[in-house]
Amino acid sequence: MTQFSITKSKIIFSLIAFYFIFLNFAPITQAAGLVSCSGVNCTFCDLLKTSSNVFDFAVKIVMSLVVIMIIYGGFVIMTAGDSVDKVAQGRKIIQSSIIGVVIVLGAWLIISQILAAIAEPGYKFKPSEIFSSKWGCQK
């Protein structure tokens with residue numbers, strides 16, 4: 001009986017996780033294209049914008065996966081019962097997910113600032129515009 005309820009719980013959790021995956025991925029993949037130019041008339045500015053779009057897309061995917069991993073870690077903790085090892089495993093999953101988010105967001109911040117500095121000569125870091133990827137290129 002216990003084995004059946006654990007299997008049933010895993011199935012329900014999997015269905016909920018897939019729902020959130022498709023809920024998050026559909027708007028992302030349908031967003032205005034990743035490539036900012038078409039044809040053979042691409043400039044260096046278009047290359048920078050495309051690389052920024054691809055990196056932003058990857059960050060959105062990673063953030064969706066982190067949410068799923070945190071939910072999974074919480075699920076492991078909730079179903080641990082008296083098992084101290086399972087609680088520790090769930091905490092480690094959540095902790096690793098949060099460390100991963102910090103690393104990914106740090107990399108995103110560094111790369112977006114480097115791309116903005118390359119795209120705009122005389123670029124100055126403005127903390128109020130950290131989350132804005134609206135920078136212009138000098139063509």
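**A buried serine and the helix around it**

Ser 97 is buried, with a relative accessible area of 8%, where buried means under 20%, exposed over 50% and partly exposed in between, for a 1.4 Å probe and protein chains only. The model is a predicted one, in which local features need pLDDT of at least 70 and side-chain atom pairs count only at pLDDT 80 or more, while totals for chains, interfaces and linings use all residues. Residues are numbered from 1 along each chain as its sequence is written, and side-chain values use heavy atoms, with hydrogens and water left out.

Of the 139 residues in the protein, 23% are buried. Among contacts (heavy atoms within 4.5 Å) with a separation of 6 or more, 53% join residues 24 or more positions apart.

Ser 97 belongs to helix H3, which covers residues 84–119. At 1.5 Å a residue, the 36 residues of H3 should span 52 Å, and this agrees with its end C-alpha atoms, which are 52 Å apart; the expected span is 1.5 Å times one less than the number of residues. Besides Ser 97, the buried residues of H3 include Gly 90, Ile 93, Val 101 and Trp 108.

What, then, covers the buried residues of H3? The cover includes helix H2, residues 44–78. For Ser 97, the contacts beyond four places in sequence are Val 66, Met 69 and Ile 70.

Two packed helices are described by the angle between their axes and the distance between the axes. The axes of H2 and H3 come within 9 Å and cross at roughly 170 degrees. These axes are lines fitted to C-alpha atoms, for helices over the stretch in contact, with angles from 0 to 180 degrees between N-to-C directions. H2 is therefore roughly antiparallel to H3, a term for angles over 145 degrees. By class, the contact of H2 with H3 has 25 nonpolar, seven polar and three charged residues. Ala, Val, Leu, Ile, Met, Phe, Trp, Tyr, Cys and Pro count as nonpolar, Asp, Glu, Lys and Arg as charged, and the others, Gly among them, as polar.

Although Val 104 and Val 62 are 42 residues apart along the chain, their C-alpha atoms are separated by 8.0 Å. Ala 107 lies in helix H3 as well and is partly exposed, with a relative accessible area of 30%. Its C-alpha atom is separated by 9.8 Å from that of Phe 55, 52 residues apart along the chain.

Definitions and conventions:
Helix = DSSP H or I, 4+ residues; strand = E, 2+ residues; numbered from the N terminus. Parallel < 35°, antiparallel > 145°, perpendicular 65-115°, else oblique.
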